[in-house]
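Here is a short briefing for a reader who is new to this structure. It moves from the whole chain to its parts.

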Amino acid sequence: MVVRLEDILEKVSLYQPEADLDIVKKAYVFSGMVHKGQTRVTGEPYLMHPLEVANILTTLKMDPDTVATGLLHDTVEDTHTTVEKIEEVFGADVALLVDGLTKISRISFDKKEDHEAENFRKILIAMARDIRVIIVKLADRLHNMRTLEPLRPDKRRKIARETMDIYAPIANRIGIGWVKAELEDLSFKYLEPEKYGRLVMMTERLGNERELYIDKVMGEIETKLSEYGIEGTITGRPKHLYGIYKKMEDQDIEFDKIHDLIGFRLIVDSVRDCYAALGIVHSAWRPVPGRFKDYIGIPKPNLYQSLHTTVIGPEGERMEIQIRTEEMHRVAEYGIAAHWMYKEGKAHDNQEGSAFAWLRQLLEWQKDLKDSGEFMDTVKVDLFPEEVFVFTPQGSVKELPVGASPIDFAYAIHTDIGHNCAGAKVDGRLVPLRHRLRNGNVVEIITSENHHPSKEWLNFVVTSKARTRIRHWLRDEEQRMSIALGRDICEQEFKKYDLVYARLIINGELESVAKKEFGLADIADLEMNIGFGKIPINTLLGKLLPPEKLEKMRDKKVSRFRSVLNRFKSKQKPQTGGVQVKGVDDDIMVRFARCCNPLPGDDIMGFISHGQGVAVHMSSCQNLLNVDPERRIDVEWQKDQDLTRPVKIRVECLNAKGLLAAMSDAINQSDSNVRSADIKTTPDGRAINIFEIEVKDTKHLKGVMKALLKIKKVTKVERIKV
Ligand code: MN
C-alpha cells in the first residue's frame with residue numbers, strides 16, 4: 001500500500017500529540033518539488049522513497065525534525081538543492097542532519113579493504129554529530145533493501161553485502177532490534193538466495209504444527225502466571241530467518257528441531273515481576289544449565305535489558321524464554337531511537353547519556369588517532385565486541401572471534417595453509433602459534449610442507465572451522481600411521497614364517513583373507529587393524545598358515561615392534577618404546593630405524609618420516625646424515641624404562657668344542673638372552689658367530705661383551721651397527 005503524507009502526520013500526532021507538524025508538511029512539499037520528474041528504477045515517482053523512509057521513522061517514533069529529514073534526505077545528493085537552502089527553509093538542525101546523510105551517501109564502498117577504515121570513520125563521524133543521522137540512514141537503507149528486487153543481481157549483492165557488513169551491525173550496536181533483524185534477513189535473501197529459499201520453504205511447511213505448538217505453550221505459561229497473580233503478555237514467534245540460519249550453522253542444529261527456533265517473550269509490569277515470572281517458569285519446567293542470563297542486572301552495552309532462560313518444555317524440547325518489562329521491551333526494539341520518543345513535551349532529554357558515551361568517546365578519540373587504521377581498530381572493537389579484525393599481508397581483512405590464534409587465521413584463509421602452518425608473524429614479529437590475535441594485526445603465516453597439525457592445537461583454537469579441520473586431519477593421520485605400522489609389522493613377521501608379504505598382496509590371498517575372515521574392506525583396512533593392535537598379528541598368520549607351523553614359531557620371541565604395538569593397545573598410558581620426542585608431549589609414534597638400531601644409552605636423533613611418525617637413528621648414522629636437516633628432530637631416551645631392545649653382536653673365536661655353550665652361558669649370566677644365532681666356520685679354523693641378544697641399554701651390552709671376551713679362545717667381540 002502506498003504511504004501518504006496524511007498517514008505520516010497521523011502517526012506522529014499519535015505518539016507526540018503536541019508536535020508542530022508544519023515542518024513535516026513543508027518538507028513533503030519541498031521534496032516533491034525538487035524531486036519532480038525523477039523516478040525510481042521501477043518507474044514509480046521518486047518521492048515514494050522519501051515518503052517510505054519518513055514512514056519508517058514514524059514507526060521508530062522519531063521527532064518531527066527527523067521525520068522531515070527522512071523526506072529530505074536525498075535532496076542535496078540527488079537534486080540541485082544545497083545545504084544552505086535547506087538551512088534557510090528548515091533551520092540549522094535539519095540542515096545538519098541532511099548534510100550528515102549527504103556525506104554518508106558520498107562514501108564509496110567500491111574499493112575494498114584499504115578504504116573500509118576510512119569509510120567507517122566517515123560514517124561514525126557523521127553519526128556522532130547527531131545520532132539521528134544514522135537512524136535516518138538506517139531507515140533509508142531499510143527501504144532500499146525492501147525494494148532491492150528490480151536491481152541488477154550484481155548491484156543487489158553489493159548493496160546486500162554492505163548492509164550485512166556495516167548497517168546491520170550498526171543497527172544492533174545502537175539497539176534497534178527489529179531493524180537489525182529485517183536488514184539481516186533481506187541481506188541474507190540476496191547473498192544466499194538458495195539457502196534463504198530453502199529456509200523459507202521449510203518454515204512455511206512447518207507453519208501449522210508450529211502455530212499449534214506456540215498456542216499450547218503460551219496457554220500453559222499464561223495459566224501458570226495467573227495462578228501466582230502475575231499479569232503479563234506472552235508472545236511466541238520464530239526467530240528471524242538469518243538468526244535461524246546462524247544458529248543452524250553455529251550449532252549444527254537440524255531444521256526439524258523447530259522448537260529451538262521459536263522464542264517466547266513475557267512482558268510483565270515490573271522488574272520484580274520479571275524475577276517472579278522467572279521463578280514460576282523455572283519451577284514449572286527444568287532450566288537448562290548455563291543458559292540463564294540476567295541482562296537486567298547487567299545490561300548489554302546497547303542498553304538492552306531482559307532475562308533469558310532456556311527450559312525443558314512440555315514436550316521435552318528446549319524452549320527459550322525472554323522476560324522483560326514494557327520499558328525494557330521498548331529499548332530492545334528501538335534502542336537509541338527510544339530516547340527520541342517524546343517524553344512530557346521535552347524532545348531530547350539527556351537520559352541517553354550512556355548509550356551515547358561510546359560514540360562521543362569515539363569522536364573525541366578520532367582527533368588524536370593518527371590514521372584511519374587505528375580509528376577503525378577502535379570503532380570495530382565497539383561495534384563488534386566479540387570479534388577481532390586482522391589483515392593478511394596483502395591487506396584483505398579477516399573477521400575472527402575474540403581469542404583467535406594464528407592457526408584460526410591460517411584455516412580461515414585456506415585449509416591447506418592451516419594444515420601446513422609452521423609459524424606466524426604478527427606485525428612482522430614471530431609469535432608462538434597460541435598467540436592471541438588483536439584488532440588490526442597484520443598476520444603472516446609461515447607454511448612448510450613438513451609441518452602438520454598437532455593435537456596440541458586443539459587446546460587453543462577457537463573457530464569451529466579450525467577445530468573440525470584439525471580433528472579430521474589427525475584422524476586421517478592416525479589411520480595413515482597405523483596402516484604404515486601395520487604393514488611394517490606384517491612384513492617383518494611374515495618373513496619369519498617364510499611368507500613374502502608382497503606376494504600375498506599380488507596373488508590376492510591377503511585381500512581375500514581381509515574380506516572373508518575379518519569382514520574388512522581391503523588390505524589397507526587390515527593393515528590399519530594390525531597397526532592399531534585390534535587384530536593380533538598371530539591371528540592373521542593363523543589364517544594363512546597351518547597350525548603346526550605357527551605353533552613352532554610361537555615361542556620365537558617377541559617382535560621388535562611389540563613395544564610400539566603395545567602403545568596402541570594401551571592408549572591410557574602411552575609408551576614410546578623408551579624414547580621421548582623433545583618438546584612434544586603428544587604420544588607421537590616412534591619406531592627404531594632398521595639401519596642403525598640404536599640402544600638406550602646411544603646418542604640418538606629422530607627423523608620425521610612421512611606418515612610413519614618418528615624414526616629413531618643413532619646420531620652418527622649415515623642415513624640420518626643424508627636426509628633433509630629440516631626433518632631431523634631431537635629425541636631422548638626416557639629414564640627408568642624396563643624395556644629391552646634387540647641388538648646384534650659379532651663374536652670371533654677359535655673353532656673349539658664347547659665354546660658355543662660357554663658363550664651362551666656367558667650371555668645368560670649377564671642377564672641377557674639369545675634371540676637368534678648364526679654361526680659360520682672359516683677354513684683357517686675360526687668361527688664367526690652373530691648373536692642377536694636382548695639388552696636394556698649400552699651399559700648392559702658392554703657387560704655382555706666383556707663377559708664374552710673373558711672366555712678363552714674368544715678373540716674379538718663387536719656390536720653390529722648396520
Ligand atoms: Mn535514499
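Buried means under 20% relative accessible area, exposed means over 50%, and partly exposed lies in between (1.4 Å probe, protein chains only). This is a predicted model, in which local features need pLDDT of at least 70 and side-chain atom pairs count only at pLDDT 80 or more, while totals for chains, interfaces and linings use all residues. Residues are numbered from 1 along each chain as its sequence is written, and side-chain values use heavy atoms, with hydrogens and water left out.

**The chain as a whole**

- The protein chain has 722 residues, and 49% of them count as buried.
- The chain holds 30 helices and 20 strands. Helices (H or I, at least four residues) and strands (E, at least two) are DSSP runs, numbered from the N terminus.
- Take the contacts in the chain with a separation of 6 or more: 65% of them join residues 24 or more positions apart. A contact means heavy atoms within 4.5 Å.

**The manganese site**

- Which protein atoms hold the manganese ion as donors? They are His-49 (NE2), His-73 (NE2), Asp-74 (OD) and Asp-140 (OD), at 2.2 to 2.4 Å from the ion.
- Donors are N, O and S atoms within 2.8 Å of the metal (3.2 Å for Na, K and Ca); water is not among the atoms, so sites may look incomplete.
- Along the chain, the donors are spaced as H-x23-H-D-x65-D.
- His-73 is buried because its relative accessibility is 3%.
- Asp-74 also counts as buried, with a relative accessible area of 10%.

**The largest nonpolar core**

- This core has 68 residues. Val-67, Ile-134, Leu-138 and Leu-183 touch the most other members.
- Helix 9 (residues 132–146) gives the core its largest share, eight residues.
- A nonpolar core is a set of buried Ala, Val, Leu, Ile, Met, Phe, Trp, Tyr and Cys residues joined through side-chain atoms within 4.5 Å.

- Five strands make an open sheet with mixed pairing, in the order 1-2-5-4-3. Two strands pair if DSSP finds at least two bridges between them.
- Strand 1 (232–238) and strand 3 (293–294) are at the edges. Each has a single partner strand, so one side of each lacks a neighbour in the sheet.
- Strand 1 pairs with strand 2 (residues 262–268) in the antiparallel sense, over seven bridges. Within this pair, Gly-236 has Phe-264 of strand 2 as its bridge partner.
- Helix 16 (residues 326–334) packs on the sheet and touches strand 2 and strand 5 (318–325). The direction of helix 16 makes about 105 degrees with that of strand 5. Axes are lines fitted to C-alpha atoms, for helices over the stretch in contact, and angles run from 0 to 180 degrees between N-to-C directions.

**Strand 13 and its partners**

- Strand 13 (residues 604–608) and strand 14 (residues 614–618) are antiparallel and share five bridges.
- Strand 13 also pairs with strand 15 (residues 632–633), in the antiparallel sense over two bridges.
- Phe-607 takes part in both pairings: its bridge partner in strand 14 is Ala-615, and Arg-632 stands opposite in strand 15.

**Cysteines**

- How many disulfides does the structure hold? There are zero. A disulfide here is a pair of cysteine sulfur atoms within 2.5 Å.
- Cys-274 is buried because its relative accessibility is 0%.
- Cys-490 is buried as well, with a relative accessible area of 1%.

**Loops to look at**

- Asp-427 sits in the loop between strand 8 (421–426) and strand 9 (429–431). Its phi is positive, about 50 degrees, although Asp-427 is not a glycine. Asp-427 is partly exposed, at 48% relative accessibility.
- Asp-671 belongs to the loop between helix 29 (659–669) and strand 18 (674–681). This residue other than glycine has a positive phi, near 65 degrees. Asp-671 counts as exposed, at 64% relative accessibility.
- Leu-643 is in the loop between strand 16 (635–637) and strand 17 (645–654). Leu-643 is partly exposed, at 26% relative accessibility. Asp-697 is 54 residues from Leu-643 in sequence but 9.1 Å away in space, C-alpha to C-alpha.
- Met-62 lies in the loop between helix 3 (48–59) and helix 4 (64–72). Met-62 is buried, at 0% relative accessibility. Its C-alpha atom is 9.2 Å from that of Gln-16, which is 46 residues apart along the chain.
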